[in-house]
Protein chains: 2
Amino acid sequence: MTRFAEMPIDQLRDELAAQQETYAGFKARGLALNMARGKPTSDQLDLSMPMLGLVTSAADCFSEDGTDCRNYGVLDGLPEAKRLMACLLDDEPANVIVFGNSSLTAMYDALARCLDFGCLGSAPWCACDAVKWICPVPGYDRHFAITQAFGIEMIPVEMNEDGPDMDEVERLAASDARVKGIWCVPKYSNPGGVTYSDEVVRRLASMECAAEDFRIFWDNAYAVHHLHDEASEQDQLLDIARACAEAGNPHRYLKFASTSKVTIPGAGVAAMAASPENIAEAKSHLTVQMIGHDKLNQLRHVKFLRDGDGIAAHMALHAAILRPKFALVARKLEEGLGEAGVARWTSPRGGYFVSFDGPEHTAARIVALAREAGVVMTGAGATWPYGRDPHDSNIRIAPTLPPAEELEEAMDVFVCCVKIAALEQLIAQAE
Amino acid sequence: MTRFAEMPIDQLRDELAAQQETYAGFKARGLALNMARGKPTSDQLDLSMPMLGLVTSAADCFSEDGTDCRNYGVLDGLPEAKRLMACLLDDEPANVIVFGNSSLTAMYDALARCLDFGCLGSAPWCACDAVKWICPVPGYDRHFAITQAFGIEMIPVEMNEDGPDMDEVERLAASDARVKGIWCVPKYSNPGGVTYSDEVVRRLASMECAAEDFRIFWDNAYAVHHLHDEASEQDQLLDIARACAEAGNPHRYLKFASTSKVTIPGAGVAAMAASPENIAEAKSHLTVQMIGHDKLNQLRHVKFLRDGDGIAAHMALHAAILRPKFALVARKLEEGLGEAGVARWTSPRGGYFVSFDGPEHTAARIVALAREAGVVMTGAGATWPYGRDPHDSNIRIAPTLPPAEELEEAMDVFVCCVKIAALEQLIAQAE
């Protein structure tokens, strides 16, 4: 195969006809495959089944400080749960609040608190004439949905290989006091798999912000989600808390993490870490919203994962399941599209996604073709604020959920759809 | 003993001296007793221990529609969980959203949605120049804390024996469009143990409201929490949903309930029921805030409680534990204070509290005396908005948590403190 761009029009037409025949074959098979969401597969869920049997009697229900975890109370989490979640958050247990089963809810609520009550004495953001937010792209659709729901104006900033374009981030933060924050998935980012470099972390921590209550929402969703066991093949992330403290901006960040992709997505434990002042303020509002989260589930997690070493050992079992899937995606893309020269994609060392860029103005077409052939992808545009990718090129590939054989089939369909869309475009341009 | 009010001053002084001697004896014993919060006692928690062993293997984790409940998803609850919670909510499963472990959080979030987004097309309440709220008193301190946190002006309205003073409620709702809602604990109310009469429910449903988006927050926390097994000794509550529909105001109510005091307070399941339109609107916002609540805990509850009959049978076990405690409180109050004529108290047929009224301007003194003798009561004033009881007379007694022997001792201390405060006051008035 030669590069599509170098093919004469007749060869493009022949190639398109061939791909359309392949595509018709896929359609005829009535497939129902899904690469849309970053959901663990059933084998991964099985890894944590022993956890469910660890808290079944009254004697199992007491925390190390003697609290009967069945009853009401303990707003910010059991001591041992704070310790466990501090491992995920790379922070001190004293700086941790343990939440329920969703870090997304913890982030939504944290942002709602900024809007309703302000931060450490600043005016409630809802009283500002406008609030703006920096959104590295491609990014996580559910983050963008939160800021959109609250009427916050989102400003996309390009992701580089070491994190967001910091020249642009610094310019935006310094120039406009209405720019109140930034979404970050700093490690194995969703969807690019990018880990922020030390320099990017330090620049985020130290940059000048026109808004004195600027907040970095640091969603470290993939903190321990490596695909490889060797440390040399794992990304390392500088701690934003330390960087912010060193830069003299100790209250600038809110860190989030959860066990959703460590133990059980629907029944995990989420947590936040922040400066003592931010934690105290959050607790002063949380005490109105709730009495305490599910402490029995906190106990289950502590008994099952124990500590940082326990988490790492457990994550190696996940990696063993996921590594071949990511290798399969890389192989299928390389084999199918390597020579055509119409696309690029990421090769992450962790996380849950591969970020794919087809030719400009083809992503929606590719996703529609795939859906018609029974393969559901994340919607085109989803990785951009307001669901609008101005290039219409980015597609998030989520290879974790389907079993290997289904993933292989889905990737064959996807590659075929990419070729069809690219060929259609080249032919249209040539005509 | 004669009525205190009829005693000559010398007898009052003798009686006070005697009570002070008794009180000194209590203090010397270094008691640490708690009648402050409506927490189930450990025997009650033990009743639900079998529930924790019902979901321990992968095979246990599937819902009736085949959903793997370990993974992400199912925003509004499993079908069987909606059915179960519909029993508590006296509503149709289709009108139910199942939440996490806290109905308090569900109410906080529901009110936050009204403030941020309005209701069924109305303007966001936070854009109004002021929002006011009707608060039947005595009432639940955590309700009042929510409205206070959001800067909502709370207007106390007296509770009668059949619910809030409806003449006053109707006047407030009709006269001011800024009056947007009312807190209701309509059955075995906190703290009075009052169940709203059919007439009160119908008047709430049909009253004229200046605010077209007026909302009744119907916290049916004690829906099945009877103290007696015989139907004739159980209160019945007219369904607010049916009453609102019949009155042509189908969107006026939001019903809340939870299993916190059915199974495990820290690890229960909460739910809301409302009109299809209200439910659809709530879901449209919830989908931004979360992916789904803990479905494994929903499954545990369904497998354990099964249905309305299962709930009733389980609640009879709670009643057997609680009935003697409420009887003890009634006996101690009657024996200790019946003839003194300085106080009145409720005799609820369900719920978690006894509402106590001492002489005006003595509640804070009584609670302080009790605390000094090692008995923690709910703070005086807590049953009123802003923690300010203008009569300084109401005290909430929460008899459920202490074991029987501790409760007996705590009530002896309490009765002694009431007498001291009442005698001090009468002597001061006489002098």
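## A cis proline in a loop

A:P138 sits in the loop between β3 and α5 of chain A; helices here are DSSP runs of H or I with at least four residues, strands are runs of E with at least two, and both are numbered from the N terminus. The peptide bond that leads from A:V137 into A:P138 is cis, with omega near -5°. Chain B has a cis bond too, joining B:V137 and B:P138 with omega about -5°. There, B:P138 lies in the loop between β3 (132–137) and α5 (141–149) of chain B. For context, most peptide bonds are trans.

A word on the ground rules: this is a predicted model, in which local features need pLDDT of at least 70, side-chain atom pairs count only at pLDDT 80 or more, and totals for chains, interfaces and linings use all residues. Residues are numbered from 1 along each chain as its sequence is written, while chains are lettered from A and ligands numbered from 1 in the order in which they are written.

## The strands around that loop

The strands β3 (residues 132–137) and β4 (residues 153–160) of chain A run parallel and are joined by six bridges; two strands count as paired if DSSP finds at least two bridges between them. One of these pairs A:K132 with A:E153 in β4(A).

β4(A) also pairs with β5 (residues 163–164) of chain A, this time in the antiparallel sense and over two bridges. A hairpin of two residues links β4(A) to β5(A), and A:M159 has A:P164 as its bridge partner in β5(A).

## A three-stranded sheet in each chain

In chain A, three strands form an open antiparallel sheet in the order β10-β11-β13. Because β10 (344–345) and β13 of chain A stand at the edges with a single partner strand each, one side of each has no neighbour in the sheet. Four bridges connect β11 (residues 354–357) of chain A with β13(A) in the antiparallel sense, and A:D357 finds its partner in A:N394 of β13(A).

Chain B has an open antiparallel sheet in the order β10-β11-β13, with β10 (344–345) and β13 (394–397) of chain B as the edge strands.

## Two domains in chain A

Chain A is divided into domain 1 (4–44 + 313–430) and domain 2 (63–305), with bounds that come from an automatic or database domain assignment. Their centres, taken over C-alpha atoms, are 31 Å apart. The contact between them takes 25 residues from domain 1 of chain A and 29 residues from domain 2 of chain A, where contact means C-beta atoms, placed from the backbone, within 7 Å.

On the domain 1 side, the elements that give two or more residues are α11 (308–337) and β13 (394–397) of chain A. The largest share, seven residues, comes from α11(A). By class, this side has 13 nonpolar, eight polar and four charged residues; Ala, Val, Leu, Ile, Met, Phe, Trp, Tyr, Cys and Pro count as nonpolar, Asp, Glu, Lys and Arg as charged, and the others, Gly among them, as polar.

## How the two chains meet

Chain A can be laid on chain B with an RMSD of 0.0 Å by a turn of 180° and a shift of 0.0 Å along the axis, using a least-squares superposition on the C-alpha atoms of residues with pLDDT of at least 70 in both. The two copies are therefore related as by a two-fold rotation axis. Of the residues of chain A, A:G53 comes closest to that axis, with its C-alpha at 3.5 Å. The same surface serves both copies, as 100% of the contact residues of chain A recur in chain B.

In this interface, 44 residues of chain A are in contact with 44 residues of chain B. On the chain A side, the elements that give two or more residues include α2 (42–46), α4 (103–117) and α9 (276–289). The largest share, four residues, is from α4(A).

Technical notes: Two residues are in contact if their C-beta atoms, placed from the backbone, lie within 7 Å.
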